[in-house]
Amino acid sequence: MLFALLANALRAVLALFGLHTEQRTLIIVGLDNAGKSTLLYKLRDGQVRSFVPTQRPVMEEVVVGNVTLKAWDLGGHEAVRTLWTQYELAADAIVFMIDAADRARLKEARSELERTVSLTADAGVPILILANKQDRQAAMRSAELEKLLDLANITCAESPLEGASPRVRLFEASLVSGTGFMEGLTWLVSQK
Ligand SMILES: Nc1nc2c(ncn2[C@@H]2O[C@H](COP(=O)(O)OP(=O)(O)OP(=O)(O)O)[C@@H](O)[C@H]2O)c(=O)[nH]1
Ligand SMILES: [Mg+2]
């Protein structure tokens, strides 16, 4: 008992100095232009910068709370989407990025989301949907997006027990304004 208390206290102190963190694998997917690379580097450097479209998987280690995430940005163009499955099957957590201002491509995003949710259902991998670009006037808010994505139906086969957290959650975010994404990631790493 005393030993466990001391070990926990030691872990808390080490975490404070960044010396002890739990490691998990995070996969960032979503259509091209959704903001995946922007998220990865915002998490790494705290800044937004511009990128050429991602051609191959890129990994950065980032820390959220006291969890160290090996975060993989897989790229979203059709040609690289073939890689998603193998990475998703090895994921501890997934971020599915959506450009909330792009109505024209929402159907395409929905179909990729549905595939990701069903692929990871057995493993129960938590999925954070980030409805990005909320700084844009055309951005759809969460209520509309949940309806258009048909989120209730996509996840209907796995309704959580009453009071339990759902496995798939949508958060509004803007990487440019710096809003929402950290709340979403904090929820994601709180899921075991
Ligand atoms: N207005 C606005 N633009 C954003 C936001 N986040 C990212 N962008 C812009 O969206 C564009 C695409 O961002 P990327 O991060 O390169 O997108 P990606 O998902 O990595 O795209 P691929 O590598 O092609 O799959 C860039 O011009 C970003 O600056 C945001 O929160 N608001
Ligand atoms: Mg990219």
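1. Which helix gives the most to the lining of the largest pocket? In this predicted model, the answer is Helix 2, which contributes three residues to that lining. Helix 2 covers residues 36–45, so you can find this stretch in the sequence above and then look for it in the structure.

2. The largest pocket has a volume of about 370 Å³. Of the 24 residues that line this pocket, the closest to its centre are Asn-33, Ala-34, Gly-35, Lys-36 and Thr-38. Sorted by class, the lining is made up of six nonpolar, eleven polar and seven charged residues.

3. Ligand 1 sits in this largest pocket, and 21 residues surround the ligand, the closest being Lys-36, Thr-38, Thr-54, Gly-76 and Asp-135. Helix 2 also gives the most to the shell around ligand 1, again with three residues. By class, that shell holds six nonpolar, ten polar and five charged residues.

4. Some individual contacts deserve a careful look in the structure. A backbone N or O atom of Gly-35 lies 2.9 Å from an oxygen atom of ligand 1, while a backbone N or O atom of Ala-34 lies 3.2 Å from an oxygen atom of the ligand. For Asp-135, a polar side-chain atom is placed 2.7 Å from a nitrogen atom of ligand 1.

5. How much of the area that ligand 1 exposes when taken alone does the protein bury? Taken alone, ligand 1 exposes 660 Å², and the protein buries 84% of that.

Key: Residues are numbered from 1 along each chain as its sequence is written. Chains are lettered from A and ligands numbered from 1 in the order in which they are written. This is a predicted model: local features need pLDDT of at least 70, side-chain atom pairs count only at pLDDT 80 or more; totals for chains, interfaces and linings use all residues. Side-chain values use heavy atoms; hydrogens and water are left out. A residue is near a molecule or strand if one of its heavy atoms lies within 4 Å of it. A polar contact is a pair of N or O atoms within 3.5 Å; within protein, one must be able to donate a hydrogen and the other to accept it, and residues adjacent in sequence count only if both atoms are side-chain atoms. Accessible areas come from the Shrake-Rupley method with a 1.4 Å probe; for residues, only the protein chains shown count as cover. On a 1 Å grid over the protein atoms alone, a cavity is a set of points where a 1.4 Å probe fits but cannot get out, and a pocket is an open set with protein on both sides within 12 Å along at least five of seven lines; lining residues have an atom within 4 Å of a point. A molecule sits in a cavity or pocket if more than half of its atoms lie within 2 Å of its grid points. Helices (H or I, at least four residues) and strands (E, at least two) are DSSP runs, numbered from the N terminus. Ala, Val, Leu, Ile, Met, Phe, Trp, Tyr, Cys and Pro count as nonpolar, Asp, Glu, Lys and Arg as charged, and the others, Gly among them, as polar. Grid points are joined across faces, edges and corners, and a volume is the space filled by probe spheres set on the points.
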